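Keep the sequence and the 3D view open as you read.

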Amino acid sequence: MSEKLNLDIQTILDKQFDIDFKGYSAAEVDSFLDMVIEDYQSFQQQEEELNAKIAELERTNASLRAKLIEEEGRTKALEANPTPASQGAANVDILKRLSRLEEQVFKQNQSKQQ
């Protein structure tokens, strides 16, 4: 879409055709050019919207890449030098998950007994 277009809306609108004795109907040409202009306007609007979306997605992608690199660095640092606090945090997470699982199993057993 970065290619230079030959026509823009104003060029199409300002185009003057030579009138010849056996030429085309001016009203028909104008009507057709009006449709071309409408399509061209729609195309330009669509292009602007897509370029805005691309820019937004590129910003989001850059942000997520930065976060990924940061997290990979933290992971490597933790793997290289595990601290008791990080091991404790992992243990707490495991205990929380286990507790939730026990609750679900207990609820299922109660519903089966009733």
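**Starting at Asp-8**

Asp-8 has a relative accessible area of 35%, so Asp-8 counts as partly exposed. For that label, buried means under 20% relative accessible area, exposed means over 50%, and partly exposed is in between, using a 1.4 Å probe and protein chains only. Before going further, a word on what you're looking at: this is a predicted model, in which local features need pLDDT of at least 70 and side-chain atom pairs count only at pLDDT 80 or more, while totals for chains, interfaces and linings use all residues. Residues are numbered from 1 along each chain as its sequence is written, and side-chain values use heavy atoms, with hydrogens and water left out.

Back to Asp-8, which sits in the segment before α1. Follow the chain 32 residues along and you get to Tyr-40, yet the C-alpha atoms of Asp-8 and Tyr-40 are separated by 7.6 Å. Glu-38 belongs to helix α2, which covers residues 26-80, and with 52% relative accessibility Glu-38 counts as exposed.

Now zoom out to the overall layout. The protein chain has three helices and zero strands, giving the pattern α-α-α when you read along the sequence. Helices here are DSSP runs of H or I with at least four residues, strands are E runs of at least two, and both are numbered from the N terminus. Of the 114 residues in the protein chain, 6% count as buried. The protein chain exposes about 10,800 Å², with carbon and sulfur atoms supplying 54% of that; these accessible areas come from the Shrake-Rupley method with a 1.4 Å probe, and for residues only the protein chains shown count as cover.

Next, have a look for empty space. Rolling a probe the size of a water molecule over the atoms shows where empty space is left. The largest pocket holds about 340 Å³ of space. Of the 17 residues that line the largest pocket, Gln-16, Phe-17, Ala-26, Val-29 and Asp-30 are the closest to its centre. A pocket, on a 1 Å grid over the protein atoms alone, is an open set of points where a 1.4 Å probe fits, with protein on both sides within 12 Å along at least five of seven lines, and lining residues have an atom within 4 Å of a point. Grid points are joined across faces, edges and corners, and the volume is the space filled by probe spheres set on the points. Both α1 (9-14) and α2 supply at least two residues each to this lining, and α2 gives the most, with six residues. By type, the lining divides into nine nonpolar, three polar and five charged residues. In that count, Ala, Val, Leu, Ile, Met, Phe, Trp, Tyr, Cys and Pro are nonpolar, Asp, Glu, Lys and Arg are charged, and the others, Gly among them, are polar.

Side chains of opposite charge can pair when their charged atoms come close. The structure holds two salt bridges, each defined as a side-chain nitrogen of Lys or Arg within 4 Å of a carboxyl oxygen of Asp or Glu. Arg-74 pairs with Glu-70, with the closest N and O atoms 2.5 Å apart. Because they are four residues apart in helix α2, Arg-74 and Glu-70 are separated by about one helical turn. Arg-74 also meets Glu-71 in a salt bridge, at 2.8 Å from N to O. Through shared partners, these salt bridges join Glu-70, Glu-71 and Arg-74 into one network. Arg-74 is partly exposed at 45% relative accessibility, and Glu-71 is partly exposed at 40%.
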